Amino acid sequence: LAEQKLNNIKITITAGPTREAIDPVRYISNHSSGKMGFALAKAAAALGAEVTLISGPVQLATPAGVKRLDVTSAQQMYEAAMAQAVNSDIFIGCAAVADYRVAEVANEKMKKQGDSALELKLVQNPDIIASVAALSHNRPFTVGFAAETQHVLQYAKDKLARKKLDMICANDVSKSDIGFNSDHNAVTLLWQDGEQALAAQPKEQLANAIVQQILARFSSEN
Ligand code: C5P
């Protein structure tokens with residue numbers, strides 16, 4: 001793809017985990033490092049795209065030329081994402097968004113209650129990428145990720161259809177040498193009428209290949 005084609009393309013990427021508060025000192029989260037999303041942002045910016053990276057709490061430096069918006073909770077990520085999405089050509093949801101949040105966050109640090117068990121009531125968070133894909137106006141080309149430990153391609157295909165995505169990046173996270181927290185990853189890209197497997201390689205290199213493929217699909221549909 002010609003580089004000047006990317007110069008007027010706006011891409012929004014979500015990355016990292018979200019943190020769902022239990023009380024002022026505790027939270028529920030996951031092991032996402034944010035590396036894949038940050039690598040995608042770096043690759044897209046290097047190709048000349050205007051990149052906004054909406055990041056959960058991660059220990060990563062902002063790639064050169066990328067505009068970064070830091071958020072903590074899924075609700076905050078949802079609000080930032082919906083605001084950015086309508087001004088984007090491409091939206092890539094790479095964040096490991098918590099499916100649930102605590103129904104009532106305690107205002108004070110919770111105390112241990114004798115010997116009894118503690119029950120936390122959880123309510124569902126909004127599905128960010130499905131909300132972006134459901135936009136009726138200014139809907140961006142929407143790309144999701146599916147991190148699975150089994151039936152990877154089947155679950156990814158289901159997700160592509162259910163969330164009405166244009167493309168999904170299927171990622172087997174059952175292997176400890178690739179995926180979460182690793183510097184390497186392997187994925188299969190799936191879209192309505194095609195797919196492409198990308199072999200295990202450093203996340204930075206893989207990110208380039210993914211961005212190239214996203215741009216090729218985006219261009220063929222726009
Ligand atoms: O359903 P699942 O969480 O496996 O779907 C993963 C995809 O959906 C990823 O692209 C992730 O960023 C996105 N997602 C989201 N909002 C949620 C849950 C997942 O955007 N609440």
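This is a predicted model: local features need pLDDT of at least 70, side-chain atom pairs count only at pLDDT 80 or more; totals for chains, interfaces and linings use all residues.
**Chat about the ligand site**

Me: Hi! Which residues does UniProt list for "binding site"?
Reply: The unreviewed UniProt entry gives Gly93, Cys94, Ala95, Asp99, Lys109, Pro126, Asp127, Ile128, Ile129, Phe145, Lys159 and Lys163. Such annotations may be inferred rather than shown by experiment. They cover 71 residues of sequence and are also spread in space, up to 37.7 Å between C-alpha atoms.

Me: OK, the ligand. How many residues surround it?
Reply: There are 13, and the closest are Gly93, Ala95, Ile129, Phe145 and Lys159; a residue counts if one of its heavy atoms lies within 4 Å.

Me: And by class, what is in that shell?
Reply: The shell has 7 nonpolar, 2 polar and 4 charged residues, with Gly counted as polar.

Me: Where is Ala95?
Reply: Ala95 is in the loop between strand E6 (90-93) and strand E7 (100-102); strands are DSSP runs of at least two residues, numbered from the N terminus.

Me: Which polar backbone atom is 2.9 Å from a ligand nitrogen?
Reply: One of Ile128. Ile129 has a backbone N or O atom 2.8 Å from a ligand oxygen, and a polar backbone atom of Phe145 is 2.8 Å from an oxygen of the ligand. Polar contacts are pairs of N or O atoms within 3.5 Å.

Me: How much of the ligand's own accessible area does the protein cover?
Reply: 86% of 450 Å², by the Shrake-Rupley method with a 1.4 Å probe.

Note on methods: Residues are numbered from 1 along each chain as its sequence is written. Side-chain values use heavy atoms; hydrogens and water are left out. A polar contact is a pair of N or O atoms within 3.5 Å; within protein, one must be able to donate a hydrogen and the other to accept it, and residues adjacent in sequence count only if both atoms are side-chain atoms. Helices (H or I, at least four residues) and strands (E, at least two) are DSSP runs, numbered from the N terminus.
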